[in-house]
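Here are some notes to read with the structure open. Please follow them in order and find each part as it comes up.

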Amino acid sequence: MVNQSSRLERSFIKGQGQAAKLLDGTSEFRPNIFRAAIRGHALRIFGGLTDANTADRLVEQLFGGVQGQGTVGLLSMVFQESYLEIETFGQGTYEQPIYKVEGDLIWKLTRSLLSDQQETLTKLIAALTRFAMVFGGFGKSWRRADHRLFYEEYYDHGYNPLIGCHWTWAGERSLIRDVQVRKLEKLGEFIENVRQVAQDWMQLQGEQPHPQNWAKSWREAWHPDKVQVWGRLAESADDCEAIRWLHGPYREAIPRASLPEGSIYQSSVTGKVNQIGRLWHRMYPLIRLVKDPANPAKPKPLLTRQFFELLTFFPDDSPESQAFYKFLAIEQNQFQRLWKQ
């Protein structure tokens, strides 16, 4: 049982993706994917607010680390499964174990804190968990939307690797409390709120944010000079636009033959074997709040068929990156830039 006195944050989530394998070939679901993803996002957020050494130190304080004698972090994590199914997907050499899982993601304190620190840390781990959910997911291939849901034809012949994962909030409490983005235009405000609570935590640790002295060498530091977020409203899973850009010419989206063909397939933008790309693609389920006639004071969550299709882009000076930025900024009109304007 979870010690209620040390519990900071709890959310109910469900998702699907590629499972891990033990050395003997047995498939398993590993809950440490949540800790790894959220630790990574903490580094990205702090890396956009201060220098690399300070960001590393702040994250080790939270999650622990192996520097020197090793550090036990302030946060421990428990995932209490309520449902788990492991199967296989694909054919031949592309056959992979997959999971569907749901359960409570619980964050706990490993030692006592002053009340203001505990309150801010609670807000911080909630914000980082929500950030992870909005912009990607957890586990292998978290930077990609699940192609099984949003690009079924990719597997028509059964000879392609499994790409992407898909996660959403579950349970009425999380669907009401943890969903912070219900309108596309609110996404920028959400990002700023995450950055602000990170700054609040820094200041409680005696660290002043230095957004002019951030971790510029980090590939995915979350700073307005480093990252752009673009988005659109997709009416259904079939209305997923950008997933095809990852595998073919993106300028096919524009019916003007005078435009030259452009592709980011297996480029520095999308990445390839042993190279992480500069683009995240997420289909974030749109969950609305509707009035409950039986209890008008308490709205009920409604999972719609719509999604926020989000592109998180870390451009560099490469020709492929600059051409794709030009396409987003000037040539296409479906995605709007949501952060930073």
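1. The sheet. Start with the open sheet of four strands, which run in the order β4-β5-β1-β6 and pair in the antiparallel sense. Keep in mind that the model is predicted. Strands of a sheet pair through backbone hydrogen bonds, and the pairing can be parallel or antiparallel.

2. The edges. Which strands stand at the edges of the sheet? They are β4, residues 75-89, and β6, residues 166-169. Each has a single partner strand, so one side of each is left without a neighbour in the sheet. From one strand to the next, the twist averages 20 degrees.

3. The helix on the sheet. Helix α3, residues 115-135, packs on the sheet. This helix touches β1 (7-18), β4, β5 and β6. The direction of α3 makes about 15 degrees with that of β1.

4. The pairing of β4 with β5. Over how many bridges do β4 and β5 pair? There are 14 bridges, in the antiparallel sense, and β5 spans residues 96-109.

5. The turn. β4 and β5 form a hairpin, with six residues between the two strands. In the turn, G90 has a positive phi of about 95 degrees.

6. The pairing of β1 with β5. These strands are also antiparallel, and eleven bridges join them. Here S11 stands opposite L105 in β5. Is β5 mostly covered or mostly open? Strand β5 is mostly covered, with eleven of its 14 residues buried.

7. A residue in another strand. Q228 lies in strand β7, which covers residues 228-234. Why does Q228 count as buried? Its relative accessibility is 8%, and buried means under 20%, so Q228 falls within that class.

8. The surroundings of Q228. The side chains of Q228 and W230 are joined by a polar contact of 2.9 Å. Leaving aside neighbours within four places in sequence, Q228 is in contact with L311, T312, F313, P315, Y325, R337 and W339.

Methods:
Residues numbered from 1 in each chain as written. Predicted model: local features only at pLDDT ≥ 70, side-chain atom pairs only at ≥ 80, totals over all residues. Heavy atoms only, no water. Pairing = 2+ DSSP bridges. Axes fitted to C-alpha atoms, helices over the stretch in contact; angles between N-to-C directions. Contact = heavy atoms within 4.5 Å. Buried < 20%, exposed > 50% of the residue type's maximum accessible area, 1.4 Å probe, protein only. Polar contact = N/O pair within 3.5 Å; in protein donor to acceptor, adjacent residues only side chain to side chain.
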